[in-house]
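Please look over the sequence and the model shown here, and then read the short report that follows.

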Amino acid sequence: MQGLLIEPGHLPPECEALRAEVRAFLAEALVDVPPARRNRNWSGASPDFSRQMAARGWIGMTWPRRYGGHERSMLERYVVLEEMLAAGAPVGAHWVADRQSGPLLMRFSPDTLAPRIVPRIVRGEAFFCIGMSEPDSGSDLASIRSRAERRTDQRGEGWVINGRKLWTSGAHRAHYMIVLVRTGERSANRHAGLSQFLVDMTTPGLTVRPVINQLGEHDFNEVTFDDVWVPDDHLIGTEGQGWQQVGAELAFERSGPERYLSCTQLLLEMLDAADADDPRQAEALGRVVAHYGTLRQMSLGVAGMLARGENPAQPAALVKDQGALVEQAMPEIAHALFGGRVRPGTTLEQAMRYATLAVPSFSLRGGTREILRGIIAKGLDLR
Ligand SMILES: Cc1cc2nc3c(=O)[nH]c(=O)nc-3n(C[C@H](O)[C@H](O)[C@H](O)COP(=O)(O)OP(=O)(O)OC[C@H]3O[C@@H](n4cnc5c(N)ncnc54)[C@H](O)[C@@H]3O)c2cc1C
């Protein structure tokens, strides 16, 4: 259990050397990025910043050289991720591809799609979005209605996709979507007959429309498919196995440190504003920092499981649920400690305002609290 044996707070020396390198890079690369923009954390996206990270070998860090990866350890990758999140770096453009799309393609299409697409992810040239949720299907993903049907015409053997996806984060800047659709008829086994495809976002018939979130920002979208044709070799893995494949993808999606490090700017602002002689502030902020420390150990454990090829579905659900709880409490803690005194327009006030509007989504995106707790209960044989 490599991940679980790490001394709390300490990582091996090569990781700390890398941490220093990442911090030096961030100090220069983010010098002109104001705190207000850092609040966006991994929702912030800059293709140029992603390419700078790629140039340093910080995308696809653990992946095999065969796909352009850098074959570094999962702990080294973890250090880069936590430093990026702590700094509020605009990592959103490549995040999904690095976290789950690349691993999915390498696992289920290792000789067909992965050799073509994954090296471009590593170079920061291919960004991805996730096409799972639909207007009437979020938690109950098996009920999706989007369909792909086989069609052979002058373009060759392929599939035609029709349907609608919703809440698709980053679709407006992605080069590809990995879409989950129905390819078989509904049957008693609700999980049968689903498949995943790689879709080029420039394909005719595919339309991306913005959905503005409650922060007033354009982050997610509605994506419609009207007779969108994809070649046969864009089927990922095996036809009809989409449900099992999505399960593997969700384990990647739920397992990272972003599940408890999305509000780092608010914590840093609170620590800056705190009075060391105020016991109430010391207690409340000490508690948050202690929670962060515990979540970090648990999250490292999950990263270790992934590195060993184990399925971390239940522990990842636990870390994501607990991470969301801690971060969702932070705006309230900030208001209780500083609310009456904070001046409008200060970086603390901006961070409080941003987090207040952002945190409700933390227990929705990537799986709702109730769904995660169902997974945990199942893992404990309680249901
Ligand atoms: C910021 C953000 C980004 C997102 N990005 C993406 C993306 O990139 N791609 C993508 O595909 N999706 C994305 N989503 C969608 C997200 O995955 C869904 O919102 C989520 O799965 C919930 O689905 P729903 O909104 O349809 O809610 P519903 O499934 O309708 O749930 C509504 C409520 O009912 C509860 N509920 C539902 N079923 C059960 C049950 N069986 N037992 C107990 N309670 C239940 C839920 O917990 C929830 O509280 C994003 C969402 C957010 C908020």
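Ala86 is part of helix H4, which covers residues 74-87; helices (H or I, at least four residues) and strands (E, at least two) are DSSP runs, numbered from the N terminus. This is a predicted model, in which local features need pLDDT of at least 70 and side-chain atom pairs count only at pLDDT 80 or more, while totals for chains, interfaces and linings use all residues. Residues are numbered from 1 along each chain as its sequence is written.

Ala86 counts as buried because it has 20 C-beta neighbours inside 10 Å, the rule being that 20 or more other C-beta atoms within 10 Å make a residue buried, with C-beta atoms placed from the backbone. Leaving aside residues up to four places away in sequence, Ala86 touches Leu261 and Thr264, where contact requires C-beta atoms, placed from the backbone, within 7 Å. Between Ala86 and Glu258 the C-alpha to C-alpha distance is 9.6 Å, although they are 172 residues apart in sequence.

## Domains and the ligand

The chain is divided into domain 1 (2-126), domain 2 (129-240) and domain 3 (255-379), with bounds from an automatic or database domain assignment. The ligand shell takes residues from both domain 2 and domain 3, so the ligand lies between them, and the C-alpha centres of these two domains are 31 Å apart.

Strand S1 (128-131) and helix H12 (369-379) each supply at least two residues of this shell, and S1 gives the largest share, 3 residues.

How values were computed:
A residue is buried if 20 or more other C-beta atoms lie within 10 Å of its own, exposed if 12 or fewer, and partly exposed in between; C-beta atoms are placed from the backbone. Two residues are in contact if their C-beta atoms, placed from the backbone, lie within 7 Å.
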